[in-house]
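Here are some friendly notes to read alongside the model.

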Amino acid sequence: NIFPSPNGRYIVGGYDATNGEAPVSLANETGIVKEIPKETAPWLVAFSHDGSLFAVTVETMDDSQGEAASFYETLRGHLILMDEKGNELWSKMIGTGRDAVTQKLEISEDGTISVATNESRKRFDREGNLLEQTLEEYRE
C-alpha cells in the first residue's frame, strides 16, 4: 500500500497482509528516509491537510507475556506523529489487546488527531495530549 502526501513531497507505504513484519516507510525523491517498525499486518496513515505532518498507527507484540498468552494479550497499539522529513514529534501507546487494533485514523484541519480502535475512540492535540477518550465498540 502506498499513500502520497497531499503536498506531493513524499509518500508513506508498506505491506499489509503479505508481510506483517515489514516496516512502514517514508520516502521522498531521494529514497527511503525513515522506516517505522511494526510486528503485525494492519497499519493506518493520515495526513494533515497541508501534508506537513502525518500520523501512523502500528501494532507491536509484548513478548514478556510468555508463550501461553493469547495474541490479543500481547498486542500493543501505537500512534506516532511525524513531520514530512521523518522526524518523530511524539509517540503514544494507544491501547492493548483488542483496543490496540486501529480501525480509523484522521487529522482534522485544526491538527486534532482522531483514532478509533476496536474498543475506543481517542482524540489528541498536535502535542500529543489526550483531549477525549470514549469507550465504545467501533462501528463504521
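1. A word on terms: strands are DSSP runs of E of at least two residues, numbered from the N terminus, and two strands pair if DSSP finds at least two bridges between them. Strand S2 (residues 11-13) and strand S3 (residues 24-28) run antiparallel and are joined by three bridges. Within S3, Ser25 is the bridge partner of Gly13.

2. On the source: this is a predicted model, in which local features need pLDDT of at least 70 and side-chain atom pairs count only at pLDDT 80 or more, while totals for chains, interfaces and linings use all residues. Residues are numbered from 1 along each chain as its sequence is written, and side-chain values use heavy atoms, leaving out hydrogens and water.

3. The open sheet has four strands in the order S1-S2-S3-S4, with antiparallel pairing. Strand S1 (2-4) and strand S4 (31-36) each have a single partner strand, so one side of each is left without a neighbour in the sheet.

4. Of its 13 residues, Val12, Ile36, Phe54 and Val56 touch the most other members. The largest share, three residues, comes from S6.

5. Do look at Lys122 in strand S11 (residues 120-124). Lys122 is buried, at 5% relative accessible area. Its contacts (heavy atoms within 4.5 Å), leaving aside neighbours within four places in sequence, include Asp99 and Glu132.

How values were computed: Buried < 20%, exposed > 50% of the residue type's maximum accessible area, 1.4 Å probe, protein only. Core = buried A, V, L, I, M, F, W, Y, C linked by side-chain atoms within 4.5 Å.
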